[in-house]
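Me: I am new to this structure. Please show me how to read its main features.

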Amino acid sequence: MVIFKKAADIEAYLLSIRQKAKPVGFIPTMGALHSGHISLLQQSREKGDFTVASIFVNPTQFNDKADFDKYPVSIDEDKQMLLDAGCDVLFLPSVEEVYPPGDDTPVYDFGHIDTILEGAHRPGHFRGVGQVVARLLQIVQPDRLYIGQKDYQQCMVIKNLARQLPALHNLDIQICPTMREQDGLAMSSRNRRLTEPQRAIAMLLYQCLVSIQAKAGTQPFAVVQKECLDILKEKGFEPDYVALADAGDLTLLNDYDMNRRMVALIAAKIGDVRLIDNMVVN
Ligand code: AMP
C-alpha cells in the first residue's frame, strides 16, 4: 500500500494507473476504521478496481466543535486494517492540502435535503460534506465511489453533488449495505466512545427501525413513532428524530404509504455520543 499526503503526488501517481486502463475505486473515510469501512473496500476489490482509500477528519462538516475534537483517531490501526484488506493507496492529507489557503472552496446547494433530518439538526453539515467530497473527487478522480447506506441522507447529497458537477456525470456511485454488530447496532466510529452501559442499550435504535418496518401498513406511523420515542427517552436517549420518508427523494411522510418505497431514519444522543441509523421499510 502506497501512502500519499500531498494532493499533487497522488494525482501524478493515479495518472499512471489510469494510463494502464485500470478502473480506480475510491473509499473516502474519516478513519477510526471498522468492518463497515472495510466492507466498502472489499466491494471495490471484488469489482477489480485499483482501490484508493482516504482518511481525513473534515473540520468543515462538524457543526459541533466538541464532536470534532472528540472524533476518534487510530491511524496506526487504520493503516494495518487497510493493508490487510488489500488497499492499494491511502491518501492522508492535511487540512491545508484539502483546503489550500487562498483557494475559495465552492459551496453547493442541496435544496430540501439540506433542510430536513440531519440537515436540520446539524446546520452546515452537508455543506461541509459537499465541499470535502467534491475536493477529494477532484484529486482522486475515481471511476467508482463507494459509500455506505448507513449515512442515507449523505448518499443522497453525494448523488446530488454528482449531478451538479459535469466532471462527475460518469462517476459510478455504489451504495453499500450497512454493516452491523451482532446485536444489530450499526457499526460506527462513534461507537468507540460509548461507555459499557451505553453500548448495552445502543442497539435500541436498530430495534426501533425493525419495529417500524414490521408494523408498516398495520398501524399508523404516528403510533409506532411515539412508541419508539417513548422507549428511547425512557432508556436515557435524547432522540433528535424518528422519521419516515420516501426512499427515493427523502420527502418526509406522516404515515406509511405502501405504494411508495419508504425508509425509516433515526437519530439520538446517548450521553454525548450522537448515533444515526436507517432501514428501508418495504
Ligand atoms: P465515515 O468514516 O464515518 O465518514 O464513513 C466513511 C464511509 O463508510 C461512508 O461512506 C459511510 O457511510 C461508510 N460507513 C460508515 N459506517 C458504515 C457501516 N456500518 N456499514 C457500511 N458502511 C459504513
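Me: How many helices and strands are in the protein chain?

Reply: Helices (H or I, at least four residues) and strands (E, at least two) are DSSP runs numbered from the N terminus. The protein chain has 11 helices and nine strands. This is a predicted model, in which local features need pLDDT of at least 70, side-chain atom pairs count only at pLDDT 80 or more, and totals for chains, interfaces and linings use all residues. Residues are numbered from 1 along each chain as its sequence is written, and side-chain values use heavy atoms, with hydrogens and water left out.

Me: Which share of the 282 residues is buried?

Reply: Buried means under 20% relative accessible area, exposed over 50%, and partly exposed in between (1.4 Å probe, protein chains only). Here buried residues make up 52% of the 282.

Me: How many salt bridges does a search of the whole structure find?

Reply: A salt bridge is a side-chain nitrogen of Lys or Arg within 4 Å of a carboxyl oxygen of Asp or Glu. The search finds 16. One of them joins Lys-6 to Glu-97 at 3.7 Å, N to O. Lys-6 is partly exposed at 45% relative accessible area, while Glu-97 is buried at 16%.

Me: Are Asp-49 and Arg-144, which form a salt bridge, buried or exposed?

Reply: Both are buried. The closest N and O atoms of Asp-49 and Arg-144 are 2.6 Å apart. A network of salt bridges links Asp-49, Arg-144 and Asp-172.
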